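Subject: Handing over a structure, with notes

Dear colleague,

I am passing this structure on to you, and my notes on it follow below. Please keep the structure open while you read them.

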Amino acid sequence: MTTATSPARLFDLTGRRAVVTGASRGIGARAAQVLDAAGAKVALVARDKNRLQDVAATLGNESLVLPADLSLPDTAERLAAELDERWGGTDILVNNAGLSRPGPATALPTKDWDDVMAVNLRGMFTLTRCLAPGMLDRGWGRIVMVSSALGLVGEAQAAAYVSSKSAVLGLTRSLAVEWAPKGVTVNSLCPGWVDTDMVSDLLADPRFHRRAMRRIAVGRWGEPPDLDGALLLLASPASAYLTGQAIVVDGGLVAGW
Ligand code: NAP
């Protein structure tokens, strides 16, 4: 019988090079702090340079601030080139940047649909496509796609968002089976309702609050730290035999009906 690896080593990211998109606030800012605390150096990507610098100032290890608009087709290649030059590659990618354009489906402008897909799906794919070759060459990589509980169930007034998050689950499974033989795992993290800028107005609406609290078994909104454990699992050596899955962290929202 082999000796068990110590829990600390399973989750140790010392020396790993991580990229977190949407790291200027909310779930992404917290993800950067968690990976940093586990020993990784973290490159922070989003459009707002000042907020990225504020997050970088909270990190203990070396970090990079890489302002970028992931809706633009050329961004991924530029980021990959810069990461290669500065750090010689990437070991962990957390594809977290995202947006929503809520509204009735019959009045949803095509531009809103395209804006959501450009970041939530195409931007996620193009950055992954540009950063994965180095992981595949080195035989180790962890890719975390931030989908949503709304990738698994429908929601009114959210056709573009739900479609994008559902598509992320398919992308995750396809890349996972393609890259598993090369030591690169790809999994989705599906948060439930987490109190961030993206949903703060909605969570403050008393009617939505009543409806949601009937469904969230734990009985409260999520906070970004509620995702720490699942994120660390999917980003670390602990998940070597775990790929193509969706880990739902939603306080029991989609478990019931
Ligand atoms: P948030 O506070 O609104 O943060 C969104 C992040 O995405 C920001 O850092 C934003 O940075 C970045 N971003 C948006 N458009 C971008 C673009 N074109 N280029 C680069 N970065 C861009 O929302 P959050 O709640 O933390 O959301 C993070 C992820 O979790 C999203 O994918 C979201 O869909 C998912 N999620 C959230 C919830 C929830 O209840 N909060 C639930 C399930 C899933 P800049 O504005 O600085 O560019």
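Helices (H or I, at least four residues) and strands (E, at least two) are taken from DSSP runs and are numbered from the N terminus. The model is a predicted one, in which local features need pLDDT of at least 70 and side-chain atom pairs count only at pLDDT 80 or more, while totals for chains, interfaces and linings use all residues. Residues are numbered from 1 along each chain as its sequence is written, and side-chain values use heavy atoms, with hydrogens and water left out.

The sheet

The strands form an open sheet of 7 in the order β3-β2-β1-β4-β5-β6-β7, with parallel pairing, where two strands pair if DSSP finds at least two bridges between them. At the edges stand β3 (63–67) and β7 (246–249), each with a single partner strand, so one side of each has no neighbour in the sheet. From one strand to the next, the twist averages 15°, with axes being lines fitted to C-alpha atoms (for helices over the stretch in contact) and angles running from 0 to 180 degrees between N-to-C directions.

Strand β4 (residues 92–95) runs parallel to β5 and is joined to it by 4 bridges, and one of the pairings sets Asn95 against Met145 in β5.

On its other pairing, β5 meets strand β6 (residues 184–191) in the parallel sense over 6 bridges, and Met145 has Ser188 as its bridge partner in β6. The chain crosses from β5 through α6 to β6, again as a right-handed β-α-β crossover. Further along the pairing, Gly141 has Val184 as its bridge partner, and Ile143 stands opposite Val186.

Val153 lies in the loop between β5 (141–146) and α6 (159–179), and Val153 is partly exposed, with a relative accessible area of 34%. Together with Leu152 and Val248, Val153 makes a nonpolar surface patch of about 200 Å². Gln157 is found in the loop between β5 and α6 too, and counts as partly exposed at 46% relative accessibility. Its phi is near 65°, a positive value in a residue other than glycine. Most residues other than glycine have a negative phi.

Key:
Patch = residues over 30% accessible without salt bridge, like charges linked within 9 Å, V, L, I, M, F, W, Y side chains within 5 Å. Areas by Shrake-Rupley, 256 points an atom, 1.4 Å probe, with all protein chains shown as cover. Salt bridge = Lys/Arg side-chain N within 4 Å of Asp/Glu carboxyl O. Buried < 20%, exposed > 50% of the residue type's maximum accessible area, 1.4 Å probe, protein only. Right-handed = clockwise from strand over helix to strand, strands pointing away.
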